[in-house]
Amino acid sequence: IRYILPNLAHIKISVVDMLGRDITTLLNKNLDIGEYNTYFDAAILKTRPGMYIVVFMMDDKVMSRKIVQLDSIYY
């Protein structure tokens, strides 16, 4: 997940399932101005194939994007 911060901000990036259950929090901290990459590895979380939502919160703004996991070796 690539993002650029134009100013100092508190960033929280989390992954939730389609029922709104929290799967994991990838990042939850204050960051300075700059370009960042936060990685999401479904293999570590042992999630099942399906649709998930990445929620990006920056101070008082919230953005979300759907992601699809097509396959998993963990059943």
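Me: Leaving aside neighbours within four places in sequence, which residues is histidine 10 in contact with?
Reply: Histidine 10 is in contact with Asn28, Lys29, Asn30, Met57, Met58 and Asp59, where contact means heavy atoms within 4.5 Å. This is a predicted model, in which local features need pLDDT of at least 70, side-chain atom pairs count only at pLDDT 80 or more, and totals for chains, interfaces and linings use all residues. Residues are numbered from 1 along each chain as its sequence is written, and side-chain values use heavy atoms, with hydrogens and water left out.

Me: Why is histidine 10 called partly exposed?
Reply: Its relative accessible area is 31%. Buried means under 20%, exposed over 50%, and partly exposed in between (1.4 Å probe, protein chains only). Histidine 10 is therefore partly exposed.

Me: What makes the link between the side chains of histidine 10 and asparagine 28 a polar contact?
Reply: The two side chains are joined at 2.6 Å. A polar contact is a pair of N or O atoms within 3.5 Å; within protein, one must be able to donate a hydrogen and the other to accept it, and residues adjacent in sequence count only if both atoms are side-chain atoms.

Me: How do you know that S2 and strand S5 pair?
Reply: Histidine 10 is found in strand S2 (residues 9-17); strands (E, at least two residues) are DSSP runs, numbered from the N terminus. Two strands pair if DSSP finds at least two bridges between them. S2 and S5 (residues 50-58) have seven bridges, so they pair, in the antiparallel sense.

Methods: Helices (H or I, at least four residues) and strands (E, at least two) are DSSP runs, numbered from the N terminus.
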